[in-house]
Amino acid sequence: MIKKRKISIIETTLVPLQSLRELFFEILPEVELVSFVDDSLLKEVIKAGGPTPDVIRRYCTYAIEAERIGSDFIFNQCSSVGEVVDIAQKMVSIPILKTDLPMARKAVEIGNEIGVVATLNSTLAPTTRLIQKTADEKGKKIKIIPKLCEGAFDLISKGDKEGHNKIIIKTILELAGKVDVIALAQGSMAVLIPELGDMKIPVLSSPRSGVLWAKEVLEKIQN
């Protein structure tokens with residue numbers, strides 16, 4: 001009997017949970033998915049302005065458990081804890097994939113001036129650093145223009161999805177004339193891309209490119 005492959009997803013919010021699982025079911029339908037969902041992680045990161053020692057400890061615990069149950073690799077859903085992955089990776093022998101790394105690589109590949117859009121500084125800063133690190137590794141000089149969607153997170157926290165979306169779209173459109181490419185730091189923003197109209201520059205998001213990368217990694221493991 002061929003062993004069914006298992007992927008564990010560490011998630012810090014319920015918002016993209018179903019849409020991300022649907023992507024996996026579309027691209028990797030034969031895989032068993034296990035979700036470790038702890039929305040207190042993101043809340044603590046937002047409150048502290050970055051990952052705390054307790055966030056790091058809990059995240060690493062989930063990674064260790066994911067390896068213990070036989071996962072082939074771990075998929076990190078949240079950009080706000082992306083840098084915690086580097087710590088957790090030292091504690092497990094299976095790969096931990098950052099959902100936004102393929103997006104960062106693509107942005108660096110096609111752009112010299114790169115815009116980064118987020119509704120939270122706790123996501124904007126690590127995504128910006130990831131893109132810069134990716135460029136440094138490639139030896140490419142880039143300019144990053146990070147843009148916070150002021151007020152958007154407060155609106156979505158109050159249930160005003162329409163107001164939240166309007167601020168993000170307005171921010172993207174304003175930034176589009178200043179850069180070669182825009183990277184959306186939060187995967188949940190991907191649903192807004194069809195609403196941007198005829199964009200003159202690429203607008204990148206992480207969910208689909210991240211799952212496609214997961215498929216590549218799994219194929220290498222199988223071979």
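Trainee: How many helices and strands does the protein chain have?

Mentor: Helices (H or I, at least four residues) and strands (E, at least two) are DSSP runs, numbered from the N terminus, and by that reading the protein chain has nine helices and eight strands. This is a predicted model, in which local features need pLDDT of at least 70 and side-chain atom pairs count only at pLDDT 80 or more, whereas totals for chains, interfaces and linings use all residues. Residues are numbered from 1 along each chain as its sequence is written, and side-chain values use heavy atoms, with hydrogens and water left out.

Trainee: In what order do the four strands of the open sheet lie?

Mentor: Two strands pair if DSSP finds at least two bridges between them; here the order is β2-β1-β3-β4, with parallel pairing. The edge strands, β2 (32-37) and β4 (96-98), each pair on one side only, and from one strand to the next the twist averages 25 degrees. Strands β1 (residues 6-11) and β3 (residues 73-76) are joined in the parallel sense by four bridges, and Ile7 has Phe73 in β3 as its bridge partner.

Trainee: Which helix packs on the sheet, touching β3 and β4?

Mentor: Contact means heavy atoms within 4.5 Å, while axes are lines fitted to C-alpha atoms, for helices over the stretch in contact, with angles running from 0 to 180 degrees between N-to-C directions. The helix is α9 (residues 207-222), whose direction makes about 170 degrees with that of β3.

Trainee: What radius of gyration does the protein chain have?

Mentor: The radius of gyration is taken over C-alpha atoms, and the globule rule is 2.2 Å times the number of residues to the power 0.38. For 223 residues a compact globule would have a value near 17 Å, and the chain agrees, with 17 Å.

Trainee: How many disulfides does a search of the whole structure find?

Mentor: A disulfide is a covalent bond between the sulfur atoms of two cysteines, identified here as a pair of cysteine sulfur atoms within 2.5 Å. The search finds zero; Cys60 is in no disulfide, and the nearest cysteine sulfur, that of Cys78, is 14 Å away, which is too far for a bond.

Trainee: Are Cys60 and Cys78 buried or exposed?

Mentor: Buried means under 20% relative accessible area, exposed over 50%, and partly exposed in between (1.4 Å probe, protein chains only). Cys60 is buried, with a relative accessible area of 6%, and Cys78 is buried, with a value of 6%.
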